[in-house]
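Visitor: Please walk me through this model. I want each label set against its cut-off.

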Amino acid sequence: MTNAQSSHDAAAGFTPSPVEPLTHQLLAALAQHRMATTHQLHVLLRPDRTRQSVSLQLNALRREHLVDFAVLPQAHRTRVWYLTPKAARLTRDWPALRGRPPYPITSGSAASLKTPHTLTVLRTHLAFVADARRHGDEHGHLDWTPEVSHAIGDGERVIADAVMHYTVTNSEHRRKLRAFIEVDRTTMSSERLAAKLIEYARLWSYEPPPMGRRRTAGPGWLRWYPVFPRVLFVLTGATQPTLRNRINDLQAMAAQHPLVRTLAGQVPLGAAVLETLEAQSPSAPVWIPLAGSPEHRPWHTLTP
């Protein structure tokens with residue numbers, strides 16, 4: 001990566017930032033999301049430029065041993081890019097990534113094992129990114145943090161597939177929203193999927209024990225969030241009747257489990273099908289509430 005390239009990229013006024021070089025954004029995006037296809041990086045970072053402009057920068061980073069790729073033969077030999085250990089060390093202390101656990105991938109084989117779920121989670125993120133651009137909202141490539149872990153007591157943890165930060169903007173006000181995202185590819189039983197709601201209910205109610213003389217004030221999640229994030233399930237990988245049955249099981253858990261029922265009275269809970277989000281957008285009335293009124297809603301208008 002030459003200074004001339006960096007200066008050119010920085011001055012080009014690209015989406016999402018008019019001042020940050022594309023190479024820097026590619027490294028940051030791969031550090032944040034662990035891996036991505038060329039197409040996903042193009043949509044995420046430079047939708048207004050050609051795909052080749054992204055490919056050229058990725059290949060330049062590969063020559064510097066900062067990124068590498070695995071090939072998906074079943075998907076027309078699509079390249080899936082990831083950071084090398086060298087780049088993982090380089091990006092670890094970048095301000096935007098500080099505190100993000102490193103997940104270095106050391107080989108194409110290791111990348112292939114993680115690819116299906118990781119790319120589906122990123123595919124979900126891209127639906128929200130595209131929607132934010134259409135509406136002038138704020139939601140960029142670093143506003144989606146995969147694999148966020150929180151303690152829920154008894155030495156156990158809940159791991160969200162992603163935490164989303166999203167700011168809805170209009171001429172009158174700005175509304176900051178957060179959501180725990182669970183992406184279901186129909187690879188686990190419906191009962192195990194619904195049990196994720198119990199884990200979130202435990203997080204909502206969990207108060208860490210006091211350490212020494214220091215007393216905690218309220219539940220542990222207040223350390224990271226001003227209000228408890230809504231919980232959104234995104235389903236894919238099966239027929240519509242199967243996905244509908246899985247959503248029914250989520251609704252049953254919200255109605256029958258005492259702790260989840262209490263959570264549902266305080267926190268918006270919803271589910272939608274990924275293909276529908278991509279076809280209509282996340283802000284369309286495509287989300288099925290897991291409690292309360294059955295009327296489909298946009299994700300940001302879900303209510304307890």
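**Labels and the values behind them**

Guide: Start with Glu-182, which lies in strand S6. Strands (E, at least two residues) and helices (H or I, at least four) are DSSP runs, numbered from the N terminus. The model is predicted, so local features need pLDDT of at least 70, side-chain atom pairs count only at pLDDT 80 or more, and totals for chains, interfaces and linings use all residues. Residues are numbered from 1 along each chain as its sequence is written, and side-chain values use heavy atoms, with hydrogens and water left out.

Visitor: Which residues is Glu-182 in contact with, leaving aside neighbours within four places in sequence?

Guide: Contact means heavy atoms within 4.5 Å. On that rule the partners of Glu-182 are Ile-159, Ala-160, Asp-161, Lys-196, Tyr-200, Leu-232, Phe-233 and Val-234.

Visitor: What is the strand order of the open sheet of six strands?

Guide: The order is S4-S5-S6-S7-S8-S9, and the pairing is mixed. S4 (144-153) and S9 (288-289) are the edge strands, as each pairs on one side only.

Visitor: What makes S7 and S8 a pair?

Guide: Two strands pair if DSSP finds at least two bridges between them. Five bridges join S7 (residues 230-235) to S8 (residues 269-273), and the two run parallel. Leu-232 stands opposite Gly-270 in S8.

Visitor: Which strands does helix H7 touch?

Guide: H7 (residues 190-205) packs on the sheet and touches S4, S5 (156-169), S6 (174-184), S7 and S8. Its direction makes about 80° with that of S5. Axes are lines fitted to C-alpha atoms, for helices over the stretch in contact, and angles run from 0 to 180 degrees between N-to-C directions.

Visitor: How do H7 and H8 pack?

Guide: H7 and H8 (residues 240-256) pack at about 35°, with their axes 9 Å apart. On the H7 side the contact is made by Ser-190, Leu-193, Ala-194, Ala-195, Leu-197 and Ile-198. On the H8 side the residues are Asn-245, Arg-246, Asp-249, Leu-250, Met-253 and Ala-254.

Visitor: How does the contact of H7 with H8 divide by class?

Guide: Eight residues are nonpolar, two are polar and two are charged. Ala, Val, Leu, Ile, Met, Phe, Trp, Tyr, Cys and Pro count as nonpolar, Asp, Glu, Lys and Arg as charged, and the others, Gly among them, as polar.

Visitor: What is the order of the open sheet of three strands?

Guide: S1-S3-S2, with antiparallel pairing. The edge strands are S1 (36-37) and S2 (67-72). S1 and S3 (residues 78-83) pair over two bridges, in the antiparallel sense. Thr-37 stands opposite Val-80 in S3. Helix H4 (residues 51-63) lies across S2 and S3, at about 115° to S2.

Visitor: Why is helix H3 called largely enclosed?

Guide: Six of the eight residues of H3 (residues 38-45) are buried, so the rest of the structure largely encloses it. The buried ones are Thr-38, Gln-40, Leu-41, His-42, Leu-44 and Leu-45.

Visitor: What makes Glu-275 and Arg-123 a salt bridge?

Guide: A salt bridge is a side-chain nitrogen of Lys or Arg within 4 Å of a carboxyl oxygen of Asp or Glu. By this rule the count comes to eleven. For Glu-275 and Arg-123, the closest N and O atoms are 3.3 Å apart. Glu-275 lies in H10 (residues 274-280) and Arg-123 in H6 (residues 108-135), so the pair ties together parts 152 residues apart in sequence. Glu-275 is partly exposed at 34%, and Arg-123 at 28%.

Visitor: Where does the side chain of Glu-278 meet that of Arg-123?

Guide: In a salt bridge, at 2.6 Å from N to O. Glu-278 is in H10 and Arg-123 in H6, 155 residues apart. Glu-278 is partly exposed, at 39%.

Visitor: How do you know that Lys-196 and Glu-182 form a salt bridge?

Guide: Their closest N and O atoms are 3.5 Å apart, which meets the 4 Å limit. Lys-196 lies in H7 and Glu-182 in S6, so the pair ties together parts 14 residues apart in sequence. Both Lys-196 and Glu-182 are buried.

Visitor: Which residues do shared partners join into one network?

Guide: Arg-123, Glu-275 and Glu-278, through their salt bridges.

Definitions and conventions: Buried < 20%, exposed > 50% of the residue type's maximum accessible area, 1.4 Å probe, protein only.
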